[in-house]
Amino acid sequence: MFFEIIFKADKNQPNVVGIKMPHFFIKSQNVQNNKISICDKENYTHIAKSLRIKIGENILLIDENQVQYEGKVNDITSKEIIVDINKKYPSERFLKFELYLAQSPLRSDAQNIIIEKATELGVTGIYPIFTDNCVLKKSVIEQKISKWQKIMYESSKQCERANIPTCFELTTIKELIENKSFDRIYAFTERRAKFKLKEELAKFPINNNEKILVIIGPEGGFSKEEFEYFENSNKLKTLTLGDLILRAETAVITALGNIVL
């Protein structure tokens, strides 16, 4: 699933069918006189060494102000790449509301897929939550956060996002709900919830600029104590994704996909 499907099309966006230009994040301070200087080590190495982009080839760049630049490589030196700007415009590749995922981390491959797909689906940030049935130790999760942030960065480039989401520090469900402010919190508890996500969204469509938190539990499900916390809290709604029981990674993609589509 790609952002071309999720986000509203913009007449200013590139529309060359079948051609995908490499996409990189830059700083606006490197844009001067209709040219862009790429001299940071990571971007330079990726463009010049890994992709081996040549002079005359096209490239997509975006700055921290979400301004998209379509350009052509003018020169490549031993330390710098110069790009001539052909066109610039505000990017539309972002959600019009803030979408956060609170999720109990899974083992490596499954968790990496969740991080990647959540990024493609437009999340503003991901909160790793330590639940009673979490399959990973706290120390393991804490060591992996920087890796997950790197996956989010690379995935943002691949799907041409206008911004890069954040992987936050490890927390708990209670700490997150009690200490952070959200307009809506949806906890997905398949065996306990009475209402479906589709019914909820049909009745209460999401408005621009809302902050939405989606909570997905571990593969073994939430504990009795966590279910009781959900049922006693007036800050959230417990929902289901349907009659089927989904694996945790499938539940994440299904929940986020239904919200953003």
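Analyst: Start with a bridge in this predicted model. Alanine 102 has tyrosine 127 in S8 as its bridge partner.

User: What makes strand S7 and strand S8 a pair?

Analyst: Two strands pair if DSSP finds at least two bridges between them. Four bridges join S7 (residues 98-103) to S8 (residues 125-128).

User: Why are strand S9 and strand S11 said to stand at the edges?

Analyst: The sheet is open, with seven strands in the order S9-S8-S7-S12-S10-S13-S11. S9 (166-167) and S11 (195-196) each have a single partner strand, so one side of each lacks a neighbour in the sheet.

User: Which residues of helix H2 are called buried, and what does the word require?

Analyst: They are Asn43, Tyr44, Ile47 and Ala48. Buried means under 20% relative accessible area, so each of the four falls below that value.

User: How do you know that they lie on the same side of H2?

Analyst: They cover an arc of only 100° around the axis, which puts them on one side. The face turned away from the buried side carries Lys41, Lys49 and Ser50, which are exposed. That label needs over 50%.

User: What do the buried residues of H2 pack against?

Analyst: Their partners include strand S1 (23-25), strand S3 (35-38) and helix H4 (138-158).

User: What makes a residue of the second largest pocket's lining nonpolar, polar or charged?

Analyst: The residue type decides. Asp, Glu, Lys and Arg count as charged. The lining divides into ten nonpolar, four polar and four charged residues.

Conventions
Residues are numbered from 1 along each chain as its sequence is written. This is a predicted model: local features need pLDDT of at least 70, side-chain atom pairs count only at pLDDT 80 or more; totals for chains, interfaces and linings use all residues. Side-chain values use heavy atoms; hydrogens and water are left out. Buried means under 20% relative accessible area, exposed over 50%, partly exposed in between (1.4 Å probe, protein chains only). Helices (H or I, at least four residues) and strands (E, at least two) are DSSP runs, numbered from the N terminus. The arc is that of the directions from the helix axis to the C-beta atoms. Contact means heavy atoms within 4.5 Å.
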